[in-house]
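Here is a structure to walk through together, strand by strand and chain by chain. Please keep the sequence and the coordinates open while you read.

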Amino acid sequence: MNADWIEQVRAGNPRAVARAISAIERGGEEARHIIAAIFRFTGRAHIIGVTGAPGTGKSTLVNEIAKQYRRRGQRVGIVAVDPTSPFSGGALLGDRLRMQDLAGDAGVFIRSMATRGSLGGLAAATADAVKVLDAAGFEIVLIETVGAGQNEVDIARNAHTTLVVEAPGMGDDIQAIKAGIMEIADVLIVNKADHEEVGATVAALEMNLNLKPKTENEWRPPVLKTIATTGQGVAEVVEWIGKHRAYLQAHHLIHARERARARAELERIVQHELMARLLRGVNGTKFDALVEQIVARETDVYAAAEQLMG
Amino acid sequence: MAERPIRVLVAKPGLDGHDRGAKVVARALRDAGMEVIYTGIRQTPEMIAEAALQEDVDVVGLSILSGAHRELFPRIVEQLKQRQLDDVVLVCGGIIPDDDIPLIKQMGFAGVFGPGTSTQEIAAFIRDQVAKKRGARAE
């Protein structure tokens, strides 16, 4: 991708943006080149993560949130992640189906992304795809995670504001006090609020929040009710995202989050690179031989790792 | 560099609402190791082309049962061209009379799959077509 293309990405040309994201997904030299070229133009977008269990209405909610920002005149980029099959390597990316309202609006760019083997709720390339959208001038970037269970919390490291979407009737109050996904919410949303059990779900979430020891100046996530299919309650969600952003700015937390994110990203890439370099230096036969020795109980896995790295 | 998985957009242009066939094909292509972007029913030519552009797909697969293909397919081809997506592999399926097949191929469709086509056949055809395009681009 040459300098002209990078210019086109920055100008928000959808073809250039689409191809840059594809290159980033493929990885390697070209991906690095693109990131190097655009990196200094990033850091402007407000990145909003949307996570929650499958079927809670994340995609429909993202559609409605995007519409709200469009009404406010802001350009919106969306990265929607769905899982890759561990068996076939294929994926069915169906999030666009719920985002039809946004079709034909040049101020919106939607990209579906398969996890390609990555765990944690995002694809390995998601963070870099967000950088492309950021550099292309999208002021709001929404990341929709895969349908998350309890432990897919990578989104919190990648977003400024994380929305956790629940639906009524998905579990009792014990679910609400478990560790994991509930802890990463900056805004809690109970979607499908026309369902009769909505009161109990809101109460369980509120109870959980109230049990948390209070520290000074700490952000307390609001619990909001929405009906994403009609758009009801979504304006309030967007208002609260704005409040959260203002809170982050007032307490100089944007930088703290950026720092934590940069650290996590750097660690991940160094780990990946070290592993790749190490494995290039080790011949496959030695690696396989060690695996056999471990299986035969002739050595243990730590001793084998020592041998590889020594 | 590893080959990227083949990306396919599956869409239903026009107004007929029967998407079971499209879903069966989408699922089969997933099982064949492809990344399938499923956009569902009632897609306008503009919506299809815009999605193909943003998703940077290798293939656009259209399912149509209403008989409006003579009307809609040229408009879709036109919209793709406007976005410089000339090298996307176009395939279609559904209810398409045999007499119309030459016309559709002339529009630039590589494959037309009627009822009874096995999904393996469709996957193999797509894989073959994409390999040819990628080979041509690499030269």
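First, some bookkeeping: residues are numbered from 1 along each chain as its sequence is written, while chains are lettered from A and ligands numbered from 1 in the order in which they are written. The model is predicted, so local features need pLDDT of at least 70 and side-chain atom pairs count only at pLDDT 80 or more, whereas totals for chains, interfaces and linings use all residues.

Helices (H or I, at least four residues) and strands (E, at least two) are DSSP runs, numbered from the N terminus.

To get from β3(B) to β4(B), the chain passes through helix α3 of chain B, residues 69–82, in a right-handed β-α-β crossover. Right-handed means that, with the strands pointing away from the viewer, the path from the first strand over the helix to the second runs clockwise.

Leaving aside residues up to four places away in sequence, V8(B) touches L29(B), M34(B), V36(B), V57(B), D58(B), V59(B), G61(B) and I126(B). Touching, or being in contact, means that the C-beta atoms of two residues, placed from the backbone, lie within 7 Å. V8(B) is also among the residues that touch the most other members of the largest nonpolar core, together with V132(A), L142(A), V36(B), A52(B) and V59(B). That core has 113 residues, and a nonpolar core is a set of buried Ala, Val, Leu, Ile, Met, Phe, Trp, Tyr and Cys residues joined through C-beta atoms within 7 Å. Its largest share, seven residues, comes from helix α2 of chain A, residues 14–26.

Now to where the chains meet. There, 27 residues of chain B are in contact with 26 residues of chain A. On the chain B side, α1 (20–31), β2 (35–43) and α2 (45–55) each supply at least two residues, and α2(B) gives the most, with seven. By type, this side holds twelve nonpolar, five polar and ten charged residues. A strand pairing also links the chains: β3 of chain A, residues 91–93, runs parallel to β2(B), joined by three bridges. In this pairing A91(A) is opposite E35(B).

Chain A has its own parallel strands. On β7(A), V187(A) and I189(A) on one side and L188(A) and V190(A) on the other are all buried. Four bridges pair β6(A) with β7(A) in the parallel sense, and V165(A) is opposite I189(A). Strand β8 of chain A, residues 223–225, runs parallel to β7(A) over three bridges, with L224(A) as the bridge partner of I189(A). From β7(A) the chain goes through α8(A) to β8(A), and this β-α-β crossover is right-handed.

Finally, look at some loop residues of chain A. K192(A), in the loop between β7 (187–190) and α8 (198–211), has a positive phi of about 60° although it is not a glycine. K192(A) counts as buried because it has 23 C-beta neighbours inside 10 Å. R116(A), in the loop between β4 (108–114) and α5 (126–135), has a positive phi of about 45° and is not a glycine either. With 18 other C-beta atoms within 10 Å, R116(A) is partly exposed.

Terms used: Nonpolar A, V, L, I, M, F, W, Y, C, P; charged D, E, K, R; others polar. Pairing = 2+ DSSP bridges. Buried ≥ 20, exposed ≤ 12 C-beta atoms within 10 Å, placed from the backbone.
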